[in-house]
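Reader: Hi! Could you walk me through this one? I'd like to start with how the chains sit relative to one another.

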Amino acid sequence: MSPDALLYFAAWIFCVGICLVIVKRNTLLMLVGTELMLNAANVNLVYFNSRSSLPDGAMFAVFVIVVAVCEAAVGLAIMMRVYHFYQTSLPDQISELRERT
Amino acid sequence: MALNFALISFLLPLAGSLIVTMLAQNSRIAGRIATLFTGSAMISSILLAFQSWIIPVYAQWPWFQTGGSQWSVGMLINTTSVLMGVLVLLISFCVHLYSISYMKDERMQVSYYARLGLFTGSMTGIVFSSSLVQLFLFWELVSFSSFLLIGYWSENPRVVRAATSAFFMNQIGDLLMLSGIVLIGIDKGTLDLPELGGQGTIAVSAGLLLLAGIMAKSAQIPFLTWLTNAMEGPTPVSALIHAATMVAAGIYFIIRIHTLLPSEVLQIAALIGSITGLAGGLGALASFDLKRILAFSTISQLGFMLLGGTAGTPGAAMLHLYTHAIFKALLFLTAGVIIHQTNEQDIRKIGQIKSPLLTIPLLMGAASMIGLPLTAGFISKETIIESLHSGWPLWSAQAVTLLTTVYTTRLIYFLLAKSSSQPTHSGRPDAFMMMPVAVLAAGCLWIIVSWSPVDFSGSLMRSLDQIHNFEPGMMTYVTLALIISSASAAFFWFRRQSTVPGVNGEEDNFGLDVLYRNLGSWPLMRLSLVAEWTDQRLINPAIHFIAYIQVAWALFTGWIDKWVVDGTITLITEIIIVSGDSLRMFTRGKIQSYILWAFLMLVIFIIWIIA
Amino acid sequence: MGLLSLLILVPVATALVILALPQSRPTFFRLFSLVAVSIQLMILGAGWFRYNPNQTGMQLTEHYPWIEVVLRQGERVHADYLLAVDGMSAPLIALSVVVMFITVVASFKIVNKTKSYFVLLMLLDAAVIGAFSALDLLLFFLFFEFMLLPLYFLVGIWGGPRREYAAVKFFLYTFFGSILILIGIIVIHISFRSPGVADLIHTFNILELQDQSNIIVGSFLDSARAYSWGPLTARMWVFILLFIGFAIKLPSVPFHTWLPDAHVEAPTPVSVVLAALVLKVGAYGIIRFTLPIFPGEAAASSTVLGLFAVISIIYGALNAMASKDFKRLIAYSSVSHMGFVLLGVASFNETGLSGAVFQLVSHGILTTLLFLLAGVLYDRTSDRTISNYSGLSIKMPKYGSIVLVTSMASLGLPAFSGFIAEWLVLTGAFDQTHLPDYVPQWMGFAATFGLLLGAAYFIWTYQRMFLGAFGTTLTTAKDELTDLYSREMVMLVPLVVMTLLLGIFPQTLLQYINTFASAWFNQVSPYLN
């Protein structure tokens with residue numbers, strides 16, 4: 001396996017995550033997509049850590065995981081409140097942040 | 001001194017006219033005042049005659065001038081003008097006297113006498129004028145006053161039409177004469193008769209133009225209809241204007257300028273005179289209206305005078321003018337009395353006139369007109385015939401004489417010999433009417449012309465024209481024979497017939513009235529309508545068209561301004577709005593599209609950074 | 001203060017005074033206007049004493065510098081306030097003052113908006129007199145234009161049923177003519193210089209413009225350069241422009257169609273001013289300005305001018321004959337008579353020109369009379385249709401006799417001024433013995449025919465309306481046809497006397513005109529080949 005394959009893999013995961021965020025009609029799944037994007041970044045970091053003598057990549061990845069966890073928790077909380085407020089989990093219907101015509 | 005007399009004689013009637021207008025319209029003394037003025041003028045002219053019979057007087061005053069030319073007025077007093085002056089004023093005085101009685105029941109007295117005075121003054125002005133401008137001035141004033149006088153009874157449409165046609169026909173001649181005078185003035189440099197006299201003849205064209213004026217004024221062919229129609233006016237007016245003075249002005253003028261006219265003009269004038277003489281005679285023969293007969297007779301006699309003056313001797317024509325004025329005025333005034341008494345103008349209906357107060361003047365006037373011996377008319381007529389050379393002038397003169405005799409006999413027969421069914425002869429004519437008649441009747445005798453009834457070179461003629469000596473000659477006897485034979489033949493003829501066969505339908509002036517209407521007034525009216533059409537349908541719409549083009553152009557410019565110039569601005573704003581609207585898509589409120597676009601922009605940005 | 005400026009200033013001052021007065025008292029406006037024209041009459045009298053008819057050249061001159069603009073170093077545009085009179089303008093100014101006096105008297109019968117009416121009338125008065133006395137082209141043009149606006153309002157507000165149309169047509173048509181004149185003036189101005197100064201000063205002064213040596217070398221109008229636009233030289237173009245501009249006002253056929261509408265719709269006093277004065281300014285413009293500046297071009301086109309004249313005479317007369325409205329007939333007779341003026345001018349000799357100027361004065365008097373007479377009838381019945389009346393002289397004898405006298409005077413009966421004018425014009429037109437043929441002889445005969453037509457329509461109209469049995473188709477009018485009042489007699493009789501006096505003693509007027517005609521002829525004759 002070529003070393004670049006991992007990068008492609010990370011890129012692929014990232015794109016999937018983006019697509020999930022953009023396309024999915026469920027706010028929870030948008031969070032899933034966000035997690036995927038974070039994980040793809042993590043893969044990148046780990047790969048480059050393995051190529052480098054410094055331990056910076058791994059450290060960064062640990063931070064990212066922690067942030068991801070916190071962010072997932074907060075995000076879920078927000079999603080719960082949003083669902084409670086708007087009574088829907090469809091992102092299209094949460095559209096008050098727009099130009100009032 | 002002579003000058004003063006002349007000036008008085010033409011100014012007094014005008015002054016009288018003016019003064020009379022200040023009176024109230026139905027004033028009784030208007031006539032008497034006017035007669036006074038005219039009488040004084042007549043006396044003045046007679047005194048003038050005594051003074052200047054042999055010795056001419058000529059005075060001239062400048063009238064107006066421009067840079068290069070000068071025109072003057074003046075008085076030219078010689079035998080001819082003095083004789084004419086006395087004649088005009090004498091007849092005018094007689095008419096004034098007569099009118100005091102004849103017109104005494106009219107409403108508008110002042111108007112009548114004012115018009116008479118204006119006419120008399122103008123006519124006398126023509127007589128003494130020394131310059132052609134001045135003569136034209138009075139000539140036109142005579143036309144104008146004749147219009148006023150003929151149209152006196154202005155409520156009657158026939159009268160009005162007669163008056164306007166008289167004025168207009170005269171005006172045609174007058175304007176042609178005006179061109180002639182102007183041309184003469186330019187050609188010769190002067191318009192004063194004495195000065196012109198020494199300069200040879202005038203151009204033929206100018207002469208013909210002057211002749212046109214004379215023809216119109218003296219009612220020659222083709223202008224004769226105005227005179228016959230003018231009989232609608234009061235009879236004293238007819239006596240004054242249409243027998244003695246106004247129509248004679250043309251003859252007087254041609255006598256005055258005889259030496260200036262080239263021979264072609266004189267020949268044409270003679271021809272016209274002879275044709276007119278014959279036409280007038282035929283017209284008189286066919287008419288039944290008393291005044292109309294006299295009118296045609298005047299036309300015929302004027303033609304005779306014109307013929308005599310141009311083909312013969314001017315002095316002879318002047319003589320005949322003189323005698324004709326007297327006997328024609330006499331006949332008219334007598335006719336007036338008859339009409340007044342019988343209220344009838346048709347000779348078939350007047351019936352037999354028995355009163356010697358009327359028959360004697362009628363017979364004397366008729367005799368003078370025919371030219372029986374012992375009358376003045378005899379002398380003047382024969383003088384003319386003697387002065388004509390042989391050839392067509394002589395034969396036409398004889399023909400005119402023949403016609404004159406025939407129609408006069410007819411008239412006399414009808415009036416004196418033929419009785420009719422309705423003789424309502426009422427009343428005696430009063431002194432005012434009879435005095436002038438008597439005076440004029442006396443004037444028909446030979447004495448006023450020459451001491452001897454057979455000597456043509458009597459005192460009068462000798463003074464008028466010293467060139468020829470007139471003795472009764474062969475022609476005289478021929479004429480006499482002609483007259484007597486035709487008179488008797490006519491007398492017997494008219495016992496049975498009322499008119500001569502073949503001469504008919506003159507009641508409308510030989511159809512000339514209709515002809516003139518079709519040739520003259522109708523085309524003129526159509527022409528004026530064409531002019532009006534051009535103005536309303538061509539020129540005005542052209543102007544409107546220009547205005548419409550202006551408006552159309554303005555509308556077009558407005559359209560361009562709104563849709564092109566302004567449209568560009570609008571287009572730009574529309575683009576902005578549309579693009580703005582389309583960009584608004586980005587703010588729909590969909591979270592996922594926000595994220596999508598943000599991500600895309602980020603990618604593009606990174607690519608841009610890297611590339 | 002010179003007499004001429006005073007003459008212009010008095011009506012302007014009166015206009016201002018009237019503006020300041022309250023609107024409720026029409027008598028005041030009439031009074032003030034009457035005072036103004038009376039003062040003008042007195043000034044006229046003073047001027048008459050000071051004016052010497054035998055002296056050639058300009059008199060009563062007032063010359064003040066007015067506008068001066070520096071174009072560049074050594075070149076200036078200069079206009080003066082220059083007023084003066086000579087043998088042509090002095091009689092015309094006298095005519096204007098007299099006519100304005102009569103107009104003011106005739107205006108007493110205007111009842112609504114009298115304040116504006118008299119203000120406009122006074123302004124018109126000033127403008128007309130200014131136009132006749134100005135010798136600076138720019139000043140003349142100013143007065144010339146100033147005449148238009150008051151007339152537009154006077155016709156458009158106080159006029160008859162079609163007044164808006166008539167007013168607009170009059171204004172636009174004559175304004176168009178003014179534009180042509182303006183173009184001409186500008187070209188003239190840039191091509192002429194004042195003599196005797198080192199700097200190049202463009203001039204508007206007509207006295208300097210008459211001297212052909214004052215043309216700037218190489219300019220548009222320099223005959224040596226012979227600048228041409230298209231088929232004609234610039235000189236010819238400018239002459240044509242000026243001529244057409246003034247011919248519209250004259251009016252010459254075919255530029256005349258504004259006249260019948262304006263005259264018929266205007267109220268009587270305004271018609272009087274229009275016919276008696278404004279038309280004269282057109283002729284004045286041709287004689288004073290166009291001909292002396294372009295004598296050669298004018299002489300070359302004299303036959304064309306004569307043609308215009310003869311067409312105007314005959315066409316105007318024919319249209320008068322066809323008119324069913326009395327005022328329209330008089331309007332067209334004005335067209336016809338002004339044709340005589342043009343004929344006199346086109347003859348290019350002293351007699352013709354004297355006749356033309358005499359006709360200007362004579363026609364001024366006669367047309368005033370005619371329009372006042374038309375007004376007499378209209379005031380009583382508001383109907384001017386000729387066929388509606390017959391036998392009027394039975395009910396209105398004084399009126400009938402004045403109409404008869406005026407008609408006779410207008411058709412050229414001798415002993416009235418019209419005859420003298422027509423005599424002189426005809427003599428001038430026929431007189432081609434001393435000069436080459438400027439006006440062919442047939443035109444003289446055509447003009448005589450025009451006189452015959454004039455006799456025809458005047459006599460026929462008099463016959464239809466005044467002779468015959470009395471009758472009118474207007475049922476209400478029978479009682480209203482009263483004879484003339486004293487106010488009307490006061491206006492009419494002096495005019496009749498004037499035309500009679502001028503007809504019997506024409507030299508009183510001709511002595512003024514002749515000095516002018518001789519001077520004009522001396523100046524123009526070198527250019528007549």
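Author: Chain A and chain C share no contact, and their closest C-alpha atoms lie 54 Å apart. Two residues are in contact here if their C-beta atoms, placed from the backbone, lie within 7 Å. This is a predicted model, where local features need pLDDT of at least 70, side-chain atom pairs count only at pLDDT 80 or more, and totals for chains, interfaces and linings use all residues. Residues are numbered from 1 along each chain as its sequence is written, while chains are lettered from A and ligands numbered from 1 in the order in which they are written.

Reader: Thanks! Which chains have the most contacts between them, then?

Author: That would be chains B and C, among the two pairs of chains that touch.

Reader: Switching to helices: how do H1 and H2 of chain A cross?

Author: The axes of H1 (residues 3–23) and H2 (residues 27–51) of chain A come within 7 Å and cross at roughly 165°. Axes are lines fitted to C-alpha atoms, for helices over the stretch in contact, with angles running from 0 to 180 degrees between N-to-C directions. Helices are DSSP runs (H or I, at least four residues), numbered from the N terminus. H1(A) and H2(A) are therefore roughly antiparallel to each other, a label for angles over 145 degrees.

Reader: And what kinds of residues make up the contact of H1(A) with H2(A)?

Author: By class, the contact of H1(A) with H2(A) has 18 nonpolar, five polar and no charged residues. Ala, Val, Leu, Ile, Met, Phe, Trp, Tyr, Cys and Pro count as nonpolar, Asp, Glu, Lys and Arg as charged, and the others, Gly among them, as polar. Those taking part include Phe9(A) and Ile13(A) from H1(A), and Met37(A) and Tyr47(A) from H2(A).

Reader: Nice. On to the backbone: where are the cis peptide bonds you'd point out?

Author: One runs from Ile221(B) to Pro222(B), with omega near -5°. Pro222(B) is in the loop between helix H8 (204–217) and helix H9 (225–229) of chain B. Another joins Val253(C) to Pro254(C), with omega near 5°. Pro254(C) lies in the loop between helix H8 (234–249) and helix H9 (258–265) of chain C.

Reader: What about phi of Lys113(C)?

Author: Phi there is near 55°, a positive value in a residue other than glycine. Most residues other than glycine have a negative phi. Lys113(C) sits in the loop between helix H3 (89–106) and helix H4 (114–133) of chain C.

Reader: Why does Lys113(C) count as partly exposed?

Author: Because Lys113(C) has 15 C-beta neighbours inside 10 Å. A residue is buried with 20 or more other C-beta atoms within 10 Å of its own, exposed with 12 or fewer, and partly exposed in between.

Key
Helix = DSSP H or I, 4+ residues; strand = E, 2+ residues; numbered from the N terminus. Parallel < 35°, antiparallel > 145°, perpendicular 65-115°, else oblique.
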